[in-house]
Amino acid sequence: GDCRVPGVGKRNTLLKAWVRDQSLSYANGTLSSEQIAELKSIGFDFHPEFESWNEMFKKMSEFYFEHTHCVIPSNNDTLLILFKWAQEQRQNRSMLTQAQIESLSKFEFVWDENEAIWKEMFVALRSFRFKYGHCAVPQIYLPYPSLAVWVIRIRQQYEQLKNGEAVLLKEGQIEELENEGFIWDESAREWEIRYKELQQFLMTNGHCSVPLWYPSNPPLGHWLTVQKRQLDLMRKGLPNKLSEENAILLEKIGL
């Protein structure tokens, strides 16, 4: 009942190629008025690609109205087709009509690939913080593996930036991350966590002699052993990895 040719079978493949050629010829203005009239008389669609584009755009607009942005996550299988379609729009922007570009732009569509990756990961990081109360994404995070990789790269870029190297990370992005509570030095965050656990141990037990293999919190015993060793090296004037600030905190608590 229409002129849509499925791409199945050798004959259909040849016919589909011919249909595509007619659409291209129409767009290039090389079809005669008689040919155009003949094709129109049988209901020929000169812009079949617009229909599928409009279908995907409708899905994009629905996503926007639900989430207030067009950042399609790459880890959601149900949205994978839409994610790939969004990528194609960025990569093939020069092939889009002005109307299509304007339609996408009205929904704050991100055209730059690097910015699109940034926005996707930042939205994912914010969701992680809402769920767990912090931004310490583990190095292996199965629900969103690309987020874990991105966090590592962001920290690397931050260190490179401090060393005067050119990176993609911008000052405004650094501020956005810090506003979310992003931790640049994960080891410093772990130190703070263990120190608070040691304070709690002191309040409960009245001393800081945490056993090396402390059943209730094995990492605390190991961490304290390392801190005592580093503090002893500092007192002897030998090379150590303990900051003066942390040394003061350890002495303050009774080490």
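Me: Which residues are exposed on the other side of α8?
Reply: In this predicted model, E171 and N179 are exposed on that side of α8.

Me: And which residues of α8 are buried?
Reply: Helix α8 spans residues 171-179, and its buried residues there are Q173, I174 and L177. Viewed down the axis of α8, the buried residues fall within an arc of 105°, so they line one face of the helix.

Me: What covers the buried residues of α8?
Reply: The cover includes α6 and α7.

Me: At what angle do the axes of α6 and α7 cross?
Reply: The axes of α6 (residues 113-132) and α7 (residues 145-162) cross at roughly 105° and come within 10 Å. Because angles of 65 to 115 degrees count as roughly perpendicular, α6 is described as roughly perpendicular to α7.

Me: Which residues make that contact?
Reply: From α6, W118, M121, F122, A124, L125 and F128 take part, and α7 contributes S146, L147, W150, V151 and I154. These residues of the α6 and α7 contact comprise 10 nonpolar, one polar and no charged.

Me: Back to α8: what follows it?
Reply: G181 follows α8, and its phi is positive, near 90°.

Me: Now the whole chain. How many helices and strands are there?
Reply: The chain has 11 helices and zero strands.

Me: What percentage of the residues count as buried?
Reply: Of the 255 residues, 33% count as buried. The accessible surface of the chain is about 17000 Å², with 54% of that belonging to carbon and sulfur atoms.

Me: What share of the contacts with a separation of 6 or more comes from residues 24 or more positions apart?
Reply: Such residues account for 42% of those contacts in the chain.

Definitions and conventions: Residues numbered from 1 in each chain as written. Predicted model: local features only at pLDDT ≥ 70, side-chain atom pairs only at ≥ 80, totals over all residues. Heavy atoms only, no water. Axes fitted to C-alpha atoms, helices over the stretch in contact; angles between N-to-C directions. Helix = DSSP H or I, 4+ residues; strand = E, 2+ residues; numbered from the N terminus. Parallel < 35°, antiparallel > 145°, perpendicular 65-115°, else oblique. Contact = heavy atoms within 4.5 Å. Nonpolar A, V, L, I, M, F, W, Y, C, P; charged D, E, K, R; others polar. Buried < 20%, exposed > 50% of the residue type's maximum accessible area, 1.4 Å probe, protein only. Areas by Shrake-Rupley, 256 points an atom, 1.4 Å probe, with all protein chains shown as cover. Arc of directions from axis to C-beta.
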